[in-house]
Amino acid sequence: MGHFLYDLFYRTDVLLDAWRTAAHQSWAMRGWPVVILDVLFQLGWAAAAAVFLAVNALFIIWFERKLAARIQIRRGPNRVGPWGILQTLADTGKMLIKEDIIPDAADRGVFKAAPLMVLASTFLLFVVLPFGRGLVPADLNVGLLYFLAIGGLSVIGILAGGWASNNKYSLMGGMRSAAQIVSYEVPAVLTVLSIALLAGSLKLGDIVRAQPAFGYILLQPVGFLLFLTASNAEINRGPFDLPESDSELVSGFVTEYSAMRFAIFFLAEYTNLFLAGAFAATLFLGGWRGPLLPPVAWFLIKSYFVVFLLIWIRWTFPRLRVDHLMAFSWKVLLPLALANLFITAVLVKVL
Amino acid sequence: MRNVTFGNRDKMPPTARGTVPAATVVQPLPSASATSDEFLLNIGPQHPATHGVLRVVVTMDGEVVKDIVPHIGYVHRGLEKLFENRTYEQIIPFTDRTDYLSAIANNFAYVRGVEMLLGLEVPRKVEYMRVLMAELNRIASHLLWLAAYGLDMGAFTPFLYAFRDREEIVAMIEEASGGRLTTNYFRVGGFVHDLPKDFFARLRKFLARFGKALNELDTLLVENAIFVARTRGVGVIGKERAVSYGMTGPCLRASNAAFDVRRDMPYSIYPSLEFEIPVGRNGDTWDRSWVRIEEMRQSLAILRQAMEGFPEGEHRARAPRNIEPPAGEVYSAVEGPRGEIGFYIVSDGTRKPYRVKMRKPSFSNFSALPEILRGLKIADLVAVMGSLDLVVPEIDR
């Protein structure tokens with residue numbers, strides 16, 4: 001029993017492998033096609049990711065509201081459940097029963113698809129995210145590329161939403177978002193490249209294992225800051241929240257969205273926040289590795305620590321202007337990322 | 001660019017269209033030329049950046065502002081006409097409602113005008129109380145501006161910090177007058193109540209703490225690198241243009257024109273107080289912000305002096321029960337938080353004024369907006385509009 005508990009917390013890879021092998025054998029003995037079993041396994045992963053997505057959103061929205069309240073000398077939600085932790089659930093219920101409004105002039109098909117496109121791109125990122133030893137749906141050998149490629153996909157949904165709303169504010173929000181995500185993708189890619197050089201692999205599992213005990217943050221301090229900034233901009237959060245800036249564009253691409261469609265955008269936004277933290281933790285802070293505590297715990301602690309940093313940044317700074325934003329990416333982040341990559345490459349070759 | 005339309009008028013059933021004349025459903029807008037990338041953007045009357053029911057129609061070329069047409073009058077109440085049918089005392093609460101953020105400054109200007117008509121001398125203590133109240137009101141108003149401007153610039157946290165400090169002032173004003181915003185505290189010849197007993201204890205506590213809190217706000221928002229980048233050199237209006245638009249208050253002083261009613265058209269006890277008039281260098285958005293922060297510091301100095309020299313005495317002069325000023329006319333101006341607040345009162349010797357004309361700073365400051373904005377970006381539009389510190393009921397009256 002003790003052995004099983006140890007495996008459950010610390011050697012999930014052993015446990016999962018044993019379980020999968022046993023299942024394979026029994027299916028093969030009965031003469032059933034093993035492919036179906038594999039599909040079932042993947043569906044299981046998808047269900048697990050969906051549950052995590054929902055629970056994480058419930059927690060992280062509450063976490064941000066509480067933290068913002070502390071920063072702003074307020075109390076934050078404190079009525080629904082202990083410490084207001086069920087506030088998000090109540091809000092979700094409200095969203096569900098609200099009227100779903102689609103503007104007359106909207107492009108109905110695209111308008112309906114846009115939130116799902118954004119959520120889908122977010123959801124797909126869970127495929128390569130290692131939560132612990134072996135706790136990853138598919139540790140692709142091009143995991144890093146997959147992360148970068150899929151991470152940039154959300155822009156299509158945002159642009160589609162802004163376009164389909166047929167509202168000038170929404171359109172401008174969507175266009176800003178497209179420009180912003182594409183520009184910040186470049187420094188992010190270059191920063192992540194230096195990680196790939198250090199680890200010698202594009203597989204996220206290998207990158208985690210290749211890191212020294214303290215993670216790559218000490219070898220790549222500039223890279224960590226660059227990645228944090230770029231991913232903060234890519235998930236459209238303050239001070240880079242121009243696509244949905246309240247005071248100018250009246251929430252930008254989500255202006256015309258209400259009820260559940262708005263909630264889906266919201267869910268995707270907060271899941272993206274977690275993912276930004278999770279990938280920063282995986283690439284720079286040693287992922288699930290750490291002493292004493294189980295790997296999953298370490299992974300969540302590190303991810304939410306980065307999330308905490310991002311929330312702190314958001315509630316401190318005013319918003320950038322759109323041209324400053326672009327200039328910042330192309331004139332500051334890009335040269336820094338290039339220099340960082342160059343120095344890393346030279347050092348990796350020499351040492 | 002795709003043809004973007006307003007509303008759904010064309011899809012309405014014929015009966016619904018028939019009930020309302022088509023011309024009144026959609027207000028005609030100046031049309032942008034079909035060949036260019038220009039388009040019209042309607043901002044307001046329901047838009048978070050207008051801080052009230054104000055509407056501007058902007059001709060945009062991409063994100064660049066080509067032209068801007070302001071539409072005002074959504075909260076016009078015809079106050080000046082109402083004044084002609086009210087007695088002099090009944091007008092005081094109306095002056096509160098022209099600008100809900102500086103009710104005291106408006107009371108001050110009006111009541112002072114009536115006293116000038118009557119030739120009434122007010123006790124020294126009343127003058128001190130008026131200055132105390134007016135400066136507290138100025139700080140509260142500037143703090144609210146800072147809070148709202150922070151929101152405009154996408155910074156939510158300074159909003160709550162500013163409101164924490166403003167709350168202390170509002171609580172003090174409430175204890176003295178009974179009202180938080182529309183105080184209705186002034187009367188011809190003095191005040192409706194004396195100051196409460198613990199007023200000075202609270203004021204002393206506030207003065208001891210607020211200087212530090214102000215520095216904190218200054219660092220958090222106005223000195224922030226992103227804020228400076230967004231406001232430096234943006235929305236510049238030169239000294240001559242600012243004067244010719246009749247701008248007053250911090251907006252004018254930011255343009256390097258040192259005009260302050262408290263110093264240049266002195267009233268009350270201001271000549272005996274020592275304070276400086278902060279003047280900006282370039283007349284840009286950042287200067288307008290900086291001038292307001294500095295003004296709060298100067299107001300603190302004024303409050304300290306007024307508190308030290310506070311005399312004993314009556315809180316109200318012996319004014320006649322029925323106010324019937326002799327026929328004549330008078331212009332009384334004070335320096336409000338937004339600029340020169342003036343009341344031009346014409347008396348025909350009866351209990352009701354023949355005419356009252358209000359000179360309101362937001363109106364003149366707002367009139368310069370199209371000139372300041374031309375050629376800037378839409379994000380600057382919000383930054384510039386916020387920096388003018390507009391109060392819409394004051395524009396419309």
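In which order do the 3 strands of the open sheet with β1 of chain B stand, and is the pairing parallel or antiparallel? I began my notebook with this question.

**Entry 1: conventions.** I noted that this is a predicted model, in which local features need pLDDT of at least 70, side-chain atom pairs count only at pLDDT 80 or more, and totals for chains, interfaces and linings use all residues. Residues are numbered from 1 along each chain as its sequence is written, while chains are lettered from A and ligands numbered from 1 in the order in which they are written.

**Entry 2: the sheet with β1 of chain B.** I found the order β1-β2-β3 in chain B, with antiparallel pairing. Strands here are DSSP runs of E with at least two residues, helices are runs of H or I with at least four, and both are numbered from the N terminus. Two strands pair if DSSP finds at least two bridges between them. β1 and β3 (64-71) of chain B stand at the edges with a single partner strand each, so one side of each has no neighbour in the sheet. On average, neighbouring strands of this sheet are turned by 20° against each other, direction ignored. I then looked up β2 (residues 55-61) of chain B, which pairs with β3(B) in the antiparallel sense over 7 bridges. Met60(B) has Val65(B) in β3(B) as its bridge partner.

**Entry 3: the sheet with β6 of chain B.** I recorded an open sheet of 3 strands in the order β6-β7-β8 of chain B, with antiparallel pairing. Its edges are β6 (328-336) and β8 (353-359) of chain B, each with a single partner strand, so one side of each is left without a neighbour in the sheet. Neighbouring strands are turned by 15° against each other on average, direction ignored. β6(B) pairs with strand β7 (residues 339-347) of chain B in the antiparallel sense over 9 bridges. In β7(B), Ile345(B) is the bridge partner of Val330(B). I also saw that helix α5 (residues 103-118) of chain B packs on the sheet and touches β6 and β7 of chain B; the direction of α5 makes about 150° with that of β6(B). For such values, axes are lines fitted to C-alpha atoms, for helices over the stretch in contact, and angles run from 0 to 180 degrees between N-to-C directions.

I turned next to β7(B) and β8(B), which pair in the antiparallel sense over 6 bridges. Tyr344(B) stands opposite Lys357(B) in β8(B). The two strands β7(B) and β8(B) form a hairpin with 5 residues between them, and Gly349(B) in the turn has a positive phi of about 90°.

Entry 4: Asn184(B) is not a glycine, yet it has a positive phi of about 50°. I located Asn184(B) in the loop between α7 and β4 (186-187) of chain B. Asn184(B) is partly exposed, with 18 other C-beta atoms within 10 Å. A residue is buried with 20 or more other C-beta atoms within 10 Å of its own, exposed with 12 or fewer, and partly exposed in between; C-beta atoms are placed from the backbone. Asn256(B) has a positive phi near 65° and is found in the loop between α11 (249-254) and α12 (261-264) of chain B. Asn256(B) is partly exposed, with 15 other C-beta atoms within 10 Å.

**Entry 5: chain A.** I counted 14 helices and 0 strands in chain A. Buried residues make up 45% of its 351 residues. The C-alpha atoms of chain A fill a box of roughly 60 × 55 × 45 Å along the principal axes.

Thr92(A), Met95(A) and Leu96(A) of α4(A) make the contact with Ala259(A), Met260(A), Phe262(A) and Ala263(A) of α12(A).

**Entry 6: where the chains meet.** I noted that 30 residues of chain B are in contact with 26 residues of chain A. Contact requires C-beta atoms, placed from the backbone, to lie within 7 Å. The largest share of the side of chain B that touches chain A comes from α9(B), with 4 residues.

Technical notes. Two residues are in contact if their C-beta atoms, placed from the backbone, lie within 7 Å.
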